[in-house]
Amino acid sequence: MKAIDRNQHLESLSDSEKTWDIIIIGGGATGLGTALDAANRGYQTLLLEQADLANGTSSRSTKLVHGGVRYLAQGNISLVREALRERGLMLKNASHLVKNLSFIIPCYSWFDIIYYSIGLAAYDLLAGRLSLGKTKRISRKEVIKRLPGINAMGLKGGVVYHDGQFDDARLAVNLAQTCLEQGATVLNYIKVTGLSKSGTKISGVVARDMETGKTWHLKAKVVVNATGVFVDDILQLDSPGSRPLIKPSQGVHVVLERMFMASEDAVMIPRTDDGRVLFAVPWHDKLVIGTTDTPLNEHSLEPVALESEIAFILKTAAAYLKHSPTRNDVLSVFAGLRPLAAPNDRSSVTKEISRSHQVLVADSGLISVIGGKWTTYRQMAEDTLEKAIAVAGLEPVCCKTAELPVHGHRRESDWNDHLYVYGSDREKVLELINEQADWAKKLHPNYPYLRAEVIWAVRHEMAQTVEDILARRVRLLFVDARAAIAASSITAQMMARELGRDENWQNQQVARFTELANNYLLQP
Ligand SMILES: Cc1cc2nc3c(=O)[nH]c(=O)nc-3n(C[C@H](O)[C@H](O)[C@H](O)COP(=O)(O)OP(=O)(O)OC[C@H]3O[C@@H](n4cnc5c(N)ncnc54)[C@H](O)[C@@H]3O)c2cc1C
């Protein structure tokens with residue numbers, strides 16, 4: 001497989017005569033989905049991401065591909081129906097990364113057993129033939145057998161239902177690869193710093209290379225703002241002083257050893273003390289617990305978990321687990337920001353703010369996509385493209401992404417082999433070891449990640465920094481932040497050799513990564 005030549009893609013920006021059909025700002029789920037749809041329809045497509053692919057919210061989700069049981073309880077049937085359909089498409093088109101997972105709701109009252117059995121039967125019905133398995137009631141004894149870590153005091157029984165689970169950042173990387181295969185240009189570490197206009201209409205963007213500072217003026221028939229919680233920053237470039245469209249809401253997860261709930265099933269707590277939903281999900285052989293919903297007035301690429309959010313998760317988990325987790329048990333804590341559509345009345349209650357997406361067209365023709373979920377990225381992209389075609393007067397072409405397999409797609413996966421995330425590339429990753437036997441060694445003695453994965457990520461997955469590798473190509477930062485810090489030195493050394501960087505670069509990378517990873521660690 002030919003390596004991705006970033007310089008060649010950068011060169012395509014230097015053609016000052018070129019007019020792209022569409023420029024997309026933002027390389028998260030929304031931007032990548034839109035770039036894929038555009039390229040697949042045959043449009044000249046450029047996607048620019050200021051940091052790494054999925055550096056923002058798209059690597060910090062609960063990792064669920066779901067209709068959203070909670071939205072069903074809120075009566076938002078159309079959102080649930082749409083997400084269930086998209087769940088089915090993700091399972092079909094990215095089957096190497098998305099799997100069917102059973103969730104158990106432990107019930108401590110008879111009423112809850114009946115209530116959730118009926119509610120989830122409706123969820124199955126809405127999924128129709130895309131249902132991943134029938135909801136059923138299980139006895140107290142079976143709940144304890146399937147969830148050995150559950151607090152059995154007062155337990156009456158449980159309800160089992162099915163949803164999807166995935167690796168968010170890995171899917172983003174595979175979407176970027178699919179975009180490239182479809183003819184798009186995708187570049188990370190290029191920030192859009194300005195918008196150019198012809199009269200009152202957007203005619204392109206000003207973009208800056210975040211490493212070299214080089215700047216380009218790029219022309220486009222239409223520009224899409226898919227920057228998640230940064231949407232308002234781009235809108236300010238278009239129309240200074242415009243009303244904010246986004247209300248960020250922070251969600252935090254803590255990661256524990258799997259032994260806190262040694263189970264193949266996930267746990268869903270449908271109603272926490274403050275009326276939220278909490279999941280405890282097995283992921284990469286650990287247990288991910290979350291999330292919170294904290295309205296914020298600021299946004300950044302590296303949001304930090306609040307002490308109150310960590311305390312809330314640990315306290316709620318302690319009520320449902322046999323062994324109460326403490327701060328010392330937390331292997332990693334990560335925070336993400338939901339780009340929720342701001343309510344008009346400036347209410348700060350984010351639980352009630354719409355989770356469905358909106359595609360908005362400014363007077364200048366700038367298209368902004370806001371809200372939504374990872375699960376619905378493809379539909380969001382389709383809706384955005386329809387608007388883009390109309391705004392730019394592009395020759396209409398139908399959307400075909402519902403039938404488009406994502407790079408790496410393969411029917412059968414061995415979920416116990418950590419290399420499953422590479423799908424059809426798995427064997428090619430292993431072949432690298434023929435080039436250098438040393439690459440068969442692990443990055444960290446306690447984890448299966450191989451040195452060959454670093455080389456693969458640099459050559460084929462656009463990884464530029466140690467963080468790109470340890471946070472989003474292999475997920476060690478999210479799984480165990482201390483182990484990630486320990487692995488940073490060898491990762492930097494290997495990357496430096498592969499990218500032709502010097503020792504100074506290596507040291508800087510390790511220092512930068514260590515500083516970042518400390519935010520994923522809890523002080524006792
Ligand atoms: C805690 C939490 C849990 C969630 N769990 C789930 C879940 O389990 N399942 C699910 O379906 N959904 C989930 N979601 C929702 C889902 O993660 C988001 O809807 C989705 O990731 C948003 O993607 P995005 O591309 O819109 O935003 P982002 O991923 O934030 O991407 C925007 C990108 O734009 C880039 N950018 C910003 N400004 C510029 C600029 N000037 N130039 C270039 N690039 C720029 C940023 O660097 C960023 O990478 C969750 C969200 C949160 C916060």
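1. A quick word on terms first: a residue is near a molecule or strand if its C-beta atom, placed from the backbone, lies within 6 Å of it. This is a predicted model, in which local features need pLDDT of at least 70 and side-chain atom pairs count only at pLDDT 80 or more, while totals for chains, interfaces and linings use all residues. Numbering starts from 1 along each chain as its sequence is written.

2. Around the ligand there are 40 residues, and G26, G28, G56, G228 and G251 come nearest. By class, this shell has 14 nonpolar, 20 polar and 6 charged residues (Ala, Val, Leu, Ile, Met, Phe, Trp, Tyr, Cys and Pro count as nonpolar, Asp, Glu, Lys and Arg as charged, and the others, Gly among them, as polar).

3. Which elements build the shell? At least two residues each come from α2 (29-40), β8 (190-198) and β16 (332-341), and β16 gives the largest share, 4 residues. Helices (H or I, at least four residues) and strands (E, at least two) are DSSP runs, numbered from the N terminus.

4. S198 stands opposite K201 in β9. The hairpin has 2 residues between the strands, and G199 there takes a positive phi near 70°.

5. On domains, whose bounds come from an automatic or database assignment, the protein is divided into domain 1 (6-57 + 169-244 + 349-403), domain 2 (99-165 + 247-341) and domain 3 (418-518). Domain 1 and domain 2 each supply at least three residues of the ligand shell.

Key. Two strands pair if DSSP finds at least two bridges between them.
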